[in-house]
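Hi there,

Here is the structure I promised to pass on. Have a look at it first, and then read on for my notes.

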Amino acid sequence: MTLYPIEAGNFKLDGGAMFGVVPKAIWQRTNPADATNKIDIGMRCLLIEDGGRLILIDTGLGNKQSDKFFSYYTPWGDYTLDTSLAKHGFHRDDITDVFLTHLHFDHVGGAIQWNKDRTILEPSFKNATFWSNANHWQWAVEPNAREKASFLSENILPIQESGQLKFVGLNGEKKSKESELGFGIFYADGHTEKQMIPIIKYKGKTLVFMADLLPTVAHVPLPYVMSFDTRPLLTLSEKELFLKEAADNEYLLFMQHDAHHEICTVHQTEKGIRLKETFTFKEIFNS
Ligand SMILES: [Zn+2]
């Protein structure tokens, strides 16, 4: 198995919304805000090459939305999903599986594109199976008023219409050791219903794709919970459970939304769980 971090570009989100009840006087020290109070956010995906399979975890924002939409989210940076795949010798048509942690637009937007004459929305990965789970899918296609702006039907329904959608099996466990994709999954319900956190054994280590359970390294202390989360108290207990396990077992936490840090570790201190170290992917895996 070989892993590749894939940069799908960066954008910006309101710093206040990203840090919930934490005051700006504190969060701006680690995450400086621009004139409109927005902070840097990454959209780092992960590519798993395993036997004949090429599995992409999440897809970024994509490029089909309106100029008005993009003006709210301020994309920036040098990389796109395509240039980042090409850097490792891959093309989007090589992807056999797209694993979607959840269906918020900054995770699934890149899964769907306009066709050549901009008349039909189609999967951007024509040879891939798209993976979600039944509970989350149902939650996303009948969105509550709070998450409606994050679950865009144009990102979701064309996946189903293409016939390329599959669900991982759910058996009520909070954590599965091995899924249909070959890696373990932690199911987190605080951010949204049944967000899937991939847990990957790689080169003798455990690498966890943290997605929105831990968006940036600044979110390690337990009360640092995004305002976007639908069940913040549940996020608190899920973070406590998972970060304790991560500290005890020296998990490498792969950061999807931290524009400036790829991997971090955490440890137990007298104040609680705190950030231990940050690394680039290359520093750990030499690739
Ligand atoms: Zn999300």
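Let me begin with Leu47. Leaving out residues up to four places away in sequence, Leu47 touches Thr2, Leu3, Tyr4, Ile6, Leu54, Ile55, Leu56, Leu85, Phe90 and Ile95, where contact means heavy atoms within 4.5 Å. Buried stands for under 20% relative accessible area, exposed for over 50%, and partly exposed for anything in between (1.4 Å probe, protein chains only).

Before going further, some notes on the source. This is a predicted model, in which local features need pLDDT of at least 70 and side-chain atom pairs count only at pLDDT 80 or more, while totals for chains, interfaces and linings use all residues. Residues are numbered from 1 along each chain as its sequence is written, and side-chain values use heavy atoms, with hydrogens and water left out.

Now the metal site. The zinc ion is coordinated by His102 (NE2), His104 (ND1), His191 (NE2) and Asp212 (OD), at 2.1 to 2.3 Å. Donors are N, O and S atoms within 2.8 Å of the metal (3.2 Å for Na, K and Ca); water is not among the atoms, so sites may look incomplete. Along the chain, the donors of the zinc ion have the spacing H-x1-H-x86-H-x20-D. His102 sits in the loop between strand 4 (97–99) and helix 5 (105–108), and His191 in the loop between strand 10 and strand 11, so this pair ties together parts that are 89 residues apart in sequence. His102 is buried, at a relative accessible area of 0%, and His191 also counts as buried, at 3% relative accessibility.

What is the arrangement of the four donor atoms around the zinc ion? They subtend angles of 85 to 171 degrees, which makes it irregular. For reference, four donors count as tetrahedral if all angles lie between 85 and 135 degrees; four count as square planar and six as octahedral if opposite donors are over 155 degrees apart and all others between 65 and 115; anything else is irregular.

Next, helix 8. Helices (H or I, at least four residues) and strands (E, at least two) are DSSP runs, numbered from the N terminus. Helix 8 has 17 residues (232–248), which at 1.5 Å a residue should span 24 Å, and its end C-alpha atoms are 24 Å apart, which agrees; the expected span is 1.5 Å times one less than the number of residues. Which residues of helix 8 are buried? They are Thr235, Glu238, Lys239, Phe242, Leu243, Ala246 and Ala247. These residues cover an arc of only 155 degrees around the axis, which puts them on the same side of helix 8; the arc is that of the directions from the helix axis to the C-beta atoms. Leu233 and Asp248, on the other side of helix 8, are exposed. Among the elements that cover the buried residues of helix 8 are strand 12 (205–209), strand 14 (263–269) and strand 15 (272–279). After helix 8 comes Glu250, with a positive phi near 55 degrees.

In helix 6 (residues 134–141), the buried residues are His136, Trp137 and Ala140. Seen down the axis, they fall within an arc of 100 degrees, so they line one face of helix 6. They pack against strand 7 (129–133), helix 7 (153–161) and strand 8 (165–168). In helix 7, Asn155, Ile156, Pro158 and Ile159 are buried.

Finally, a backbone detail. Arg118 has a positive phi, near 55 degrees, in a residue other than glycine. Arg118 lies in the loop between strand 5 (112–114) and strand 6 (121–123), and counts as exposed at 54% relative accessibility.

Best wishes
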